[in-house]
Amino acid sequence: MSNLNRLKNVFTTILEIEEDQVNEDLKYDGNSVWDSINHMFLITELENEFSVEIDPDDILEIKSFNQAQNVLGKYDIEF
Amino acid sequence: MSQHSFNPHNEFVKKISDNNKLNFVDASSDSKYNLSQLMFPVHSEFGESKQLGFIYVDSGIKSLAIYFSFLNSSHALVLLSDTLDSNLKQNLEKIYRPAFIYDNTRDSIGNYKDVTFDNGTLNARVFRTSENLDYTINPEVKILLSTSGTTGSPKLVKLSFENIQENALSISDYLPINGEDVTPLNLPLNYSYGLSVLHSNAIKGGTIVCGIPDILSKAFWTCFDKYGFTSIAGVPFIYEMLYRIGFLKKEYPSLEYISQAGGNLSKNIKEKFNSYCEKNTIEFYVMYGQTEATARISFVPPAKLNDKLTSIGKPIKKGHLRIDDKTEELLYSGPNVFGGYAESITDLNHWESIDWLKTGDIAYTDTDGFYYIKGRLKRIVKVFGNRVNLDEIERYLKLELSTAIIACTGIDDKFILVAYTEIDMNTDLLKRRLFETFKIQGSAVKFMYIETFPMTKNEKVDYKEIATIYKSK
């Protein structure tokens with residue numbers, strides 16, 4: 001599976017949304033499905049899926065689907 | 001601007017208005033207010049005869065202004081989250097028929113007309129009914145809170161002015177609250193712990209900061225430095241989150257104390273925060289309480305935390321704890337014990353005098369008189385600070401799926417485990433239903449297939465064994 005698909009999978013599994021909802025409009029929002037609780041699950045799942053350890057500062061960086069790709073890029077995960 | 005008049009018969013409001021250090025900052029607009037500037041003339045519109053109002057709060061200054069304005073009135077208030085699903089809102093409104101509603105998320109509400117208050121500094125819109133309401137509300141009933149927070153259950157905890165005042169006094173007796181404080185309202189006001197932070201700081205504190213960004217955003221930390229927050233209040237999940245985002249690797253010169261309540265924080269995280277606090281001369285208050293006790297029941301003095309790491313501490317001032325001889329249930333008595341539950345409008349006319357509050361927790365004490373929780377009488381778990389009754393969920397799922405072979409249990413107050421014996425269980429559907437009905441995040445629910453349920457000697461499902469099987473996987 002491509003890295004992009006693996007990333008999409010993490011989002012659909014944790015946020016329980018359909019694949020077509022995982023796009024550049026998908027953003028963190030304290031009140032929606034992507035809330036602070038799911039954010040922490042998301043981070044853990046990203047770490048498991050891509051075998052990386054995400055730096056505390058980067059946890060606050062990942063606030064959209066696009067930013068997730070940028071941050072993972074720092075850990076040599078290419079999209 | 002005209003000086004607002006505070007109700008002289010209301011001792012609690014008088015205590016707040018007498019606190020001349022008290023002021024408010026709205027971080028979202030960086031504006032400062034004193035208490036008078038928050039007060040709307042709600043008497044003129046809603047009169048003195050006691051009515052019920054719903055206040056759907058967010059974290060902003062207007063919610064705070066509306067809350068204080070109606071606190072200073074003769075009316076009873078139900079505090080709810082404005083993020084509550086609109087169907088759940090309508091259902092609650094049908095059951096309680098509030099005379100007025102504050103909700104910034106809706107432009108209109110059925111039979112309600114809107115009234116706008118303007119005090120020269122702020123304005124806010126309140127909906128009022130055109131219906132003639134014939135119910136009576138007991139003079140004691142002032143604030144009503146939900147115990148679950150997100151599910152929209154009509155079961156509300158009835159609190160009096162005395163309850164909230166006494167609890168605020170007891171809390172400000174042990175927390176180092178003073179007029180120089182800068183306190184962020186980072187917990188929702190419809191949650192008893194969040195409301196207790198507001199109340200205890202309103203009578204003894206200094207600057208109260210509302211409208212703050214989400215704790216998981218960089219803006220929160222910018223805000224932290226800018227205003228120099230002197231405390232943080234958090235439920236276990238917030239501490240886990242703070243730990244994960246590297247809170248303990250940095251220094252916060254303004255921070256004087258942190259408090260934790262709303263469930264059991266895991267021992268290793270507690271230890272880490274405790275040693276960080278000891279090193280940085282920050283006081284760490286681990287506390288215990290329930291909405292039925294307005295908020296607070298007991299706390300561990302920070303100096304004792306190292307020795308009493310898993311304890312819930314000792315009772316707050318004017319409070320008493322004891323353990324039932326037969327059931328080992330922890331019982332609490334004090335001026336902050338509630339006046340019973342309300343499930344509908346007719347319950348508002350009653351105020352029950354409760355001598356000993358049954359906490360539902362099973363406890364023991366050590367030789368120094370510190371209390372410890374060792375379990376729960378009812379099958380209740382706390383998931384992200386919200387109370388979840390497992391029997392209720394199990395009943396619901398069985399009904400929904402027309403199956404008897406399902407069992408719910410809690411795993412370390414973190415997850416709800418749904419065990420099932422049917423191979424082709426549609427777990428996605430289950431998750432969706434749990435979210436729709438109970439607002440439980442899917443990530444807080446785990447599923448496990450087992451061939452047959454383990455049973456206890458008296459032929460009941462052995463939930464403990466199910467949890468053990470799950471953990472050993």
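How many residue pairs, both at pLDDT 80 or more, are in polar contact between domain 1 of chain B and domain 2 of chain B? In this predicted model, the count is 0. On the side of domain 1 of chain B that touches domain 2 of chain B, the residues divide by class into 3 nonpolar, 10 polar and 3 charged. Salt bridges across this interface also number 0 by the rule applied.

The two domains of chain B are set by the domain assignment, which places domain 1 at 11-375 and domain 2 at 380-471. Between them, 16 residues from domain 1 of chain B and 9 residues from domain 2 of chain B take part in the contact. A distance of 30 Å separates the C-alpha centres of domain 1 of chain B and domain 2 of chain B. The size of an interface is often given as the accessible area lost when the parts come together. For domain 1 and domain 2 of chain B, the buried area is about 1,000 Å², and carbon and sulfur atoms give 49% of this area.

The contact between chains was examined in the same terms. Chain B contributes 19 residues that are in contact with 20 residues of chain A. About 1,700 Å² is buried between chain B and chain A, with 62% given by carbon and sulfur atoms. Between these chains there are 4 salt bridges. One of the pairs joined by a salt bridge is K218(B) with E61(A), whose side chains meet at 2.5 Å, N to O. Residue pairs in polar contact between chain B and chain A, both at pLDDT 80 or more, number 5.

On the side of chain B that touches chain A, two or more residues each are given by α8 (218-227) and α9 (236-244) of chain B. The largest share, 3 residues, comes from α9(B). By class, this side of chain B has 7 nonpolar, 6 polar and 6 charged residues.

Aromatic pairs were also counted, and the total over all chains is 36. A pair of aromatic rings is described by the distance of the centres and the angle of the planes. One such pair, W221(B) with Y252(B), is tilted, with 6.0 Å centre to centre and 45° between the planes. W221(B) lies in helix α8 of chain B, whereas Y252(B) lies in the loop between α9 and β13 (257-260) of chain B, so the pair ties together parts that are 31 residues apart in sequence.

How values were computed. Residues numbered from 1 in each chain as written. Chains lettered and ligands numbered in written order. Predicted model: local features only at pLDDT ≥ 70, side-chain atom pairs only at ≥ 80, totals over all residues. Heavy atoms only, no water. Domains from an automatic or database assignment. Contact = heavy atoms within 4.5 Å. Buried area = accessible area lost by both parts, 1.4 Å probe. Polar contact = N/O pair within 3.5 Å; in protein donor to acceptor, adjacent residues only side chain to side chain. Nonpolar A, V, L, I, M, F, W, Y, C, P; charged D, E, K, R; others polar. Helix = DSSP H or I, 4+ residues; strand = E, 2+ residues; numbered from the N terminus. Phe/Tyr/Trp six-rings, centres within 6.5 Å; stacked < 30°, edge-to-face > 60°.
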